[in-house]
Amino acid sequence: MATDMNEILLRSVEVLPPLPDTINKLRKYINESGSNVKIDEIANIISSDPLMTAKLLRLANSPFYGFSREITSLAQVVSLLGIGNIVNTIMADSIRDSFKIDVSPYGLSTTEFVNKCSEETSFIMDWLGNEDKKLSHLLVPCSMLLRLGIVVFSNFLIQNKKDAEFLARLEKNNFSDLSMVENEFLGVDHISFLGFLLYRWKFDDMLVETICFVRSPHAARNEVKKSAYALSVVDHLFTPHNNFSSFNIKASIALINEARSQGIDFNLDNFISKLPKEAKENLIKEG
């Protein structure tokens, strides 16, 4: 069954929503300009899309980035975040908005799922905004995309009338191992499939690898290790089921300690101090 479903899933990729023209224009300009890319021209291309302009300015002034002053121009946004992060963020936001979100096949409330995704991104900035601002900016689009695989799988299962059967499998497994059930049912897990989609959509290598190695950050190449470990820490903390459980919090802390053994130093005290209230309470209960 998994083989049949996997073939249908792969065919469904052909009808995924196309990227907006603005993104294609940005890519074309960046590829043709090489090292001569100009911030003003990037801003001009984005400004041709009023909706994208408004969303980008709103995002730049949101708690996700926590800038100390109001950002009023696209040139400011591009200068502060960097061209690569701007392209990744625009693409992530556009792709995420193109999918209907109904995660009922995973036994999740769609409203709570969306809120947790937003909280997850906010936590990255709260945790790393002062400790490593450059890393936090890189991780925002990663976080925006991290749960997209679940959304894509949910849409696919609903369209093929397999949602109830899939949910029954998850319930039988007590929602304890999503990847195992996904592999048994679809022949691939949602993170691996997301990596395939991101590569197909031509996201930059750093973002794709950060997400692809979120479950095995120790195996990432050295340039990606720190971002992969940071995203893995957040992924464990905000797991779709049983988030903020003492087990998941301890798993996040264990990853921070493991990262140190790899020569990557995160401030553990800072991480614990920035944990959401519910997570702190659960950690205290466990002593």
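At what angle do the axes of helix H10 and helix H11 cross? In this predicted model, the axes of H10 (residues 163-172) and H11 (residues 178-186) cross at roughly 140° and come within 10 Å of each other. The crossing of H10 with H11 is right-handed. On the H10 side the contact is made by Glu-165, Phe-166, Arg-169 and Leu-170, and on the H11 side by Leu-178, Val-181, Glu-182, Glu-184 and Phe-185. Five of the residues in this contact are nonpolar and four are charged, with no polar residue.

Packing was also examined for helix H5 (residues 74-81) against H6. The axes of H5 and H6 are 6 Å apart, at an angle of about 110°. Angles of 65 to 115 degrees count as roughly perpendicular, which means that H5 is roughly perpendicular to H6. In H5, the residues Val-77, Val-78 and Leu-81 meet Ile-83, Asn-85 and Ile-86 of H6. This contact between H5 and H6 comprises five nonpolar residues, one polar residue and no charged residue.

Helix H6 itself spans residues 83-97. The distance from the first C-alpha of H6 to the last is 21 Å, close to the 21 Å expected for its 15 residues at 1.5 Å a residue. H6 is mostly covered, with 11 of the 15 residues buried. The buried residues are Asn-85, Ile-86, Val-87, Asn-88, Thr-89, Ile-90, Met-91, Ala-92, Asp-93, Ser-94 and Ile-95. Among them, Asn-85 and Ile-86 also take part in the contact with H5.

Several loop residues were considered individually. Most residues other than glycine have a negative phi. Lys-161, although not a glycine, has a positive phi of about 55°. Lys-161 is located in the loop between helix H9 (148-159) and H10, and counts as exposed because its relative accessibility is 72%. Phe-244, likewise not a glycine, has a positive phi of about 70°. Phe-244 lies in the loop between helix H14 (222-237) and helix H15 (246-261). With a relative accessibility of 1%, Phe-244 counts as buried.

Val-188 is part of the loop that lies between H11 and helix H12 (190-200). The relative accessibility of Val-188 is 15%, so this residue counts as buried.

Notes. Residues numbered from 1 in each chain as written. Predicted model: local features only at pLDDT ≥ 70, side-chain atom pairs only at ≥ 80, totals over all residues. Heavy atoms only, no water. Axes fitted to C-alpha atoms, helices over the stretch in contact; angles between N-to-C directions. Helix = DSSP H or I, 4+ residues; strand = E, 2+ residues; numbered from the N terminus. Left-handed = near helix turned anticlockwise from the far one by under 90°. Contact = heavy atoms within 4.5 Å. Nonpolar A, V, L, I, M, F, W, Y, C, P; charged D, E, K, R; others polar. Expected span 1.5 Å × (residues − 1). Buried < 20%, exposed > 50% of the residue type's maximum accessible area, 1.4 Å probe, protein only. Parallel < 35°, antiparallel > 145°, perpendicular 65-115°, else oblique.
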